[in-house]
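User: I'd like to go through this model and ask what stands behind the labels. Can we start with the pocket?

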Protein chains: 2
Amino acid sequence: MGERHPTAQAMVELAIQALNEGGEAAVKVDAIVRKCQVSVTSLYHHFGSREGLIEAALIERYSRIVVTNVDDFVSGVKSSRDRTEMKSLLERFVPFLQGRANREVRFARAAAVGAAINRPALRETMGKVQDQQAQVLADALADGQRRGIVRSGVDALSLAYWLSGIVFGKILLEIASPSDDQESTYSELSVQAIESVVLPAIM
Amino acid sequence: MGERHPTAQAMVELAIQALNEGGEAAVKVDAIVRKCQVSVTSLYHHFGSREGLIEAALIERYSRIVVTNVDDFVSGVKSSRDRTEMKSLLERFVPFLQGRANREVRFARAAAVGAAINRPALRETMGKVQDQQAQVLADALADGQRRGIVRSGVDALSLAYWLSGIVFGKILLEIASPSDDQESTYSELSVQAIESVVLPAIM
């Protein structure tokens, strides 16, 4: 993302706050420039348009929130010494990732992905952010493959995307106000599926 | 959804066309009422606001597009006579569902889900549409469980949501301009995972 001018960064922070409170419709140019004590031309100078500010805020909110999850999982893979430890990492981590505590990540991701569908520039940036994260995860999985705790013979980057996709897919259930039982069955099915794909076959 | 007044339906069709061409920003109230040869008050009468029309169009585009997939899969489950036929259905259908030809469904779904995050009314309607579709799929899966071609002991509705979620998750890879190899690895992993969860264990 690079370093932003402090005023531009302040505008992004205010836009993220507005997104969290009420989505894109809540991002008000007037209120943001007033709080930053600058004129509206300063906003247009930094972001081109209100749209440009919204895109910057959607991306930044999303990347910020997802990076912690990737880092935690990567440390988990690195510190797993054998298949059993890798299995127990998945059994601990997948329900956490798909759980309620982590819903905010899926909501931020869904808002950013949905907004990107018809905005080519945002879509390209989102693609880059996803690629960076998937690559960090893929490096850890490739290391796991070399150490025999992750199934070999699968492209690690595709596997990383697949893992992210399966975790994200829970958004469909979440939109529909699921019961506790449905939530936990969903996690159990995901753990079982992920184990079947990620763990090496037992010799 | 119920029956709409012909004029309201014409407005929804024009809004869907605009959504397909350029997303929400392309939905222009003036152009739509002009093409329908009515006044703007007629649009507000039927939908309350431009926002209301957009929500109706997002939902209708999405439901229309997804219902064919659900129906096709349901017929496939119904006509599968044993585990082998169910397995071959999954091996044929999952790559189709996650393939390029079917990307439009995921894009329409992602746009509707993303838009619903911060709009309570849209979110509730989306939840209902998803519940209806998941229930149709769940009925077919429950029938498969009774006939021993789908793993038993799993709540069929949770399984239906899980299947939809795993297919939808591919949107993350699609936003990032994947290679053909990544696309096909993604499908192979999904088939493997879905088989591990959906098919009964071999006796």
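Predicted model: local features only at pLDDT ≥ 70, side-chain atom pairs only at ≥ 80, totals over all residues.

User: Which residues line the largest pocket, and which lie nearest its centre?

Analyst: The lining has 30 residues, and those nearest the centre are Glu24(A), Arg119(A), Glu24(B), Ala115(B) and Arg119(B). The elements giving two or more residues to that lining are H1, H4 (50-79) and H6 of chain A, together with H1 (6-22), H4 (50-79) and H6 (103-116) of chain B.

User: What makes up the lining of the largest pocket by class?

Analyst: It has 12 nonpolar, 8 polar and 10 charged residues. Glu and Arg count as charged, so Glu24(A) and Arg119(A), two of the residues nearest the centre, fall in that class.

User: Why is the pair Glu24(A) and Arg119(A) called a salt bridge?

Analyst: The closest N and O atoms of Glu24(A) and Arg119(A) are 2.9 Å apart. The cut-off is 4 Å between a side-chain nitrogen of Lys or Arg and a carboxyl oxygen of Asp or Glu, so the pair qualifies. Glu24(A) sits in the loop between H1 and H2 (29-36) of chain A, Arg119(A) in the loop between H6 and H7, and the two are 95 residues apart. Over all chains, the structure holds 34 salt bridges.

User: How many salt bridges run between chain A and chain B?

Analyst: The count there is 0. Polar contacts are another matter: 9 residue pairs between chain A and chain B make them, with both residues at pLDDT 80 or more. On the side of chain A that touches chain B, the elements giving two or more residues are H1 (6-22), H6 (103-116), H7 (120-146), H8 (156-168), H9 (171-175) and H10 (180-198). By class, that side has 24 nonpolar, 16 polar and 6 charged residues.

User: What is the buried area between chain A and chain B, and which residues of chain A lose the most?

Analyst: The two chains bury about 3,900 Å² between them, 69% of it on carbon and sulfur atoms. In chain A, Leu172(A), Ile175(A) and Leu189(A) lose the most area to chain B, together 19% of what that side buries. The contact takes 46 residues from chain A and 46 residues from chain B.

User: How many helices and strands does chain A have?

Analyst: Chain A has 10 helices and 0 strands, and its C-alpha trace spans about 65 × 40 × 25 Å along its principal axes.

How values were computed:
Residues numbered from 1 in each chain as written. Chains lettered and ligands numbered in written order. Heavy atoms only, no water. Contact = heavy atoms within 4.5 Å. Buried area = accessible area lost by both parts, 1.4 Å probe. Polar contact = N/O pair within 3.5 Å; in protein donor to acceptor, adjacent residues only side chain to side chain. Helix = DSSP H or I, 4+ residues; strand = E, 2+ residues; numbered from the N terminus. 1 Å grid on protein atoms, 1.4 Å probe; cavity = no way out; pocket = protein on both sides within 12 Å on 5 of 7 lines; lining within 4 Å.
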